[in-house]
Amino acid sequence: MNRRRFLTAAPAVAALLALSISAARADVRPASVFADHMVLQREMRTPVWGTATPGEAVTVSIAGQTQRTRAGEDGKWLVRLTPLKAGGPHELTVAGNNSVRYTDVLVGDVWICSGQSNMAWAVRSSDNAQQEIAAANYPNIRLMFVPNTTSSRPRETAAARWAVCTPETVPPFSAVGYFFGRHLNQKLNVPIGLVHTNWGGTRAEAWTPDAYLRADPDYATFLKGSDEYAQNYPAALARFEEAQKKWQEAADKAKAEGKPAPGDAPRRPAAPDRNPNLGSVLYNGMIHPLVPMGIKGAIWYQGESNAGQAYNYRKLLPTMIRSWRDAWGQGDFPFLIVQLANYGPDAPDAKGSAWAELREAQTMTAEQVRNAGQAVTIDIGNPKDIHPTNKQDVGKRLALIAENRVYGDKAVVYSGPAYKAMKAEGGAVRLSFDHLGGGLEAKGGALSGFTIAGEDQKFVPAEATIEGDTVVVKAASVARPVAVRYGWANSPVCTLYNKAGLPAVPFRTDNWPGVTQPAPAVAAQK
């Protein structure tokens with residue numbers, strides 16, 4: 001080989017060799033949930049994880065402790081910190097071939113804030129927004145924003161960011177999440193991390209992993225809709241493109257003639273991996289990237305979009321909760337639910353109410369799922385607006401549950417009266433309750449919200465009175481009552497409270513078929 005040609009080529013070869021070595025040595029990279037100003041979960045072996053070159057030694061240091069590991073063959077690594085006490089700020093350092101340092105790290109309690117639009121509803125759009133924002137100087141509350149992201153497969157990362165709670169950062173944050181976290185921060189005096197991961201108008205199945213949906217035939221409808229959407233998307237896209245072409249031609253012609261455009265342009269159909277209401281896509285894009293970060297628990301405000309399948313929701317919501325708990329591997333972490341508020345026109349009770357049945361499904365979940373709870377909001381909604389702006393009371397009621405059930409302050413009353421039992425007494429029914437909270441009372445002077453029925457299953461408005469710790473319900477037109485319902489409508493006027501100021505949980509004493517109950521399967525004819 002010509003020596004001159006070899007010497008000329010040598011730098012290029014060296015450059016290619018260096019590039020190859022560089023490509024083979026990936027920088028150590030912590031997961032996307034780690035950032036300046038974050039909160040790490042206290043008093044647990046909090047995981048810290050990420051990626052690096054396969055086999056690379058990785059060290060994680062914080063608050064005087066150092067944990068060591070090596071990246072696996074897939075480049076992934078994970079360590080668990082020795083439990084930390086609440087406090088800070090600290091520095092978290094992750095080192096391998098390179099070093100990454102995070103500052104202003106606090107240790108406290110981290111809560112996931114998820115659901116649809118009433119959880120996404122921002123502080124800036126809530127009651128007394130100007131005053132609330134101006135007062136939002138809470139250096140020990142940290143806000144994590146997870147962007148709306150859909151995915152057909154579980155994602156490992158999300159473009160999340162942490163921020164200190166200030167008047168500048170709080171306006172777009174979940175109002176329910178913020179007021180919940182503020183109450184806990186003031187009561188517990190520990191740092192609180194709040195994770196804003198929610199999307200308006202979305203269904204619970206979108207927040208549930210695909211494997212859990214496919215494991216149960218009761219969810220076939222959800223999966224069928226997702227699968228059919230994907231199959232039909234190419235044809236829908238072709239129809240859109242043809243309609244868009246025709247609209248553009250008409251718009252160009254109108255413009256040339258000095259006329260207005262012919263209405264709105266056609267809307268492009270969302271691609272299968274961008275439609276937020278298909279099964280699993282939000283779990284994949286907005287929950288899975290958070291796993292397995294250390295958390296205290298989750299608050300959940302969702303159900304409006306599933307009201308038409310309320311009976312199915314009885315099973316779907318517990319399935320979703322179980323799937324999250326399985327993914328995190330932290331056991332049965334607290335899961336606190338906001339029951340749907342009053343909204344919409346009320347149909348006669350004989351026709352039933354899908355919203356009442358969805359509330360019932362939420363109550364059943366709170367009662368039957370371990371370490372779950374429910375905040376009732378039947379009295380603070382807006383019959384004319386699906387987005388009530390009083391989010392302060394929603395956050396406070398969730399926080400009361402956490403104070404009692406999670407943090408162990410048994411002196412805190414966290415629930416309004418909850419139906420316990422009924423007893424027929426001639427032409428009346430006597431109802432007893434749990435969670436008396438110092439005694440029953442009628443807010444506004446008279447009880448309302450009760451209906452009563454005989455064996456004909458026809459409910460009529462009832463007269464109700466408080467007698468000690470019970471409520472006696474009757475109606476002149478029902479001589480032999482067998483069932484009572486309370487708050488069983490879209491927007492009922494409900495006035496039963498306990499003396500702690502919390503509203504009674506809507507309920508029914510019967511189990512008669514509802515408007516959302518699926519029709520029984522018809523056996524195939526032989």
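1. The structure is a predicted model, in which local features need pLDDT of at least 70 and side-chain atom pairs count only at pLDDT 80 or more, while totals for chains, interfaces and linings use all residues. Residues are numbered from 1 along each chain as its sequence is written, and side-chain values use heavy atoms, with hydrogens and water left out.

2. The pairing of β3 with β6 belongs to an open sheet of three strands, which has the order β1-β3-β6 and antiparallel pairing. Because β1 (29-30) and β6 (76-80) stand at the edges and each has a single partner strand, one side of each is left without a neighbour in the sheet.

3. Helix α8 (residues 310-328) packs against helix α9 (residues 354-368) at an angle of about 35°, and their axes are 8 Å apart; axes here are lines fitted to C-alpha atoms, for helices over the stretch in contact, and angles run from 0 to 180 degrees between N-to-C directions. The crossing of α8 past α9 is right-handed, a term used if the near helix is turned clockwise from the far one, whereas it is left-handed if turned anticlockwise by less than a right angle.

4. Contact means heavy atoms within 4.5 Å, and on the α8 side of this packing the residues include Y311, R314, L317 and I321, which meet a set in α9 that includes E357, L358, A361 and M364. The residues of the contact of α8 with α9 divide into ten nonpolar, two polar and three charged, where Ala, Val, Leu, Ile, Met, Phe, Trp, Tyr, Cys and Pro count as nonpolar, Asp, Glu, Lys and Arg as charged, and the others, Gly among them, as polar.

5. N490 is found in the loop between β22 (483-486) and β23 (496-498), and at 15% relative accessibility N490 counts as buried, which means under 20% relative accessible area, with exposed being over 50% and partly exposed in between (1.4 Å probe, protein chains only). N490 and A356 are 134 residues apart in sequence, yet 6.2 Å apart in space, C-alpha to C-alpha. Leaving aside neighbours within four places in sequence, N490 is in contact with residues including Y343, D346, W355 and R359.

6. For the cysteines, a search of the whole structure finds zero disulfides, a disulfide being a pair of cysteine sulfur atoms within 2.5 Å. C113 is in no disulfide, the nearest cysteine sulfur, that of C165, being 12 Å away. C113 counts as buried at 0% relative accessibility, and C494 is buried as well, with a relative accessible area of 11%.

7. Some backbone details deserve a look. A cis peptide bond joins G88 and P89, with omega about 5°, and P89 lies in strand β7 (residues 87-95); another cis peptide bond joins V291 and P292, with omega about 10°, and P292 lies in the loop between α7 (281-287) and β12 (297-301). N189, although not a glycine, has a positive phi of about 60°, and N189 counts as exposed at 66% relative accessibility.

How values were computed. Helix = DSSP H or I, 4+ residues; strand = E, 2+ residues; numbered from the N terminus. Pairing = 2+ DSSP bridges.
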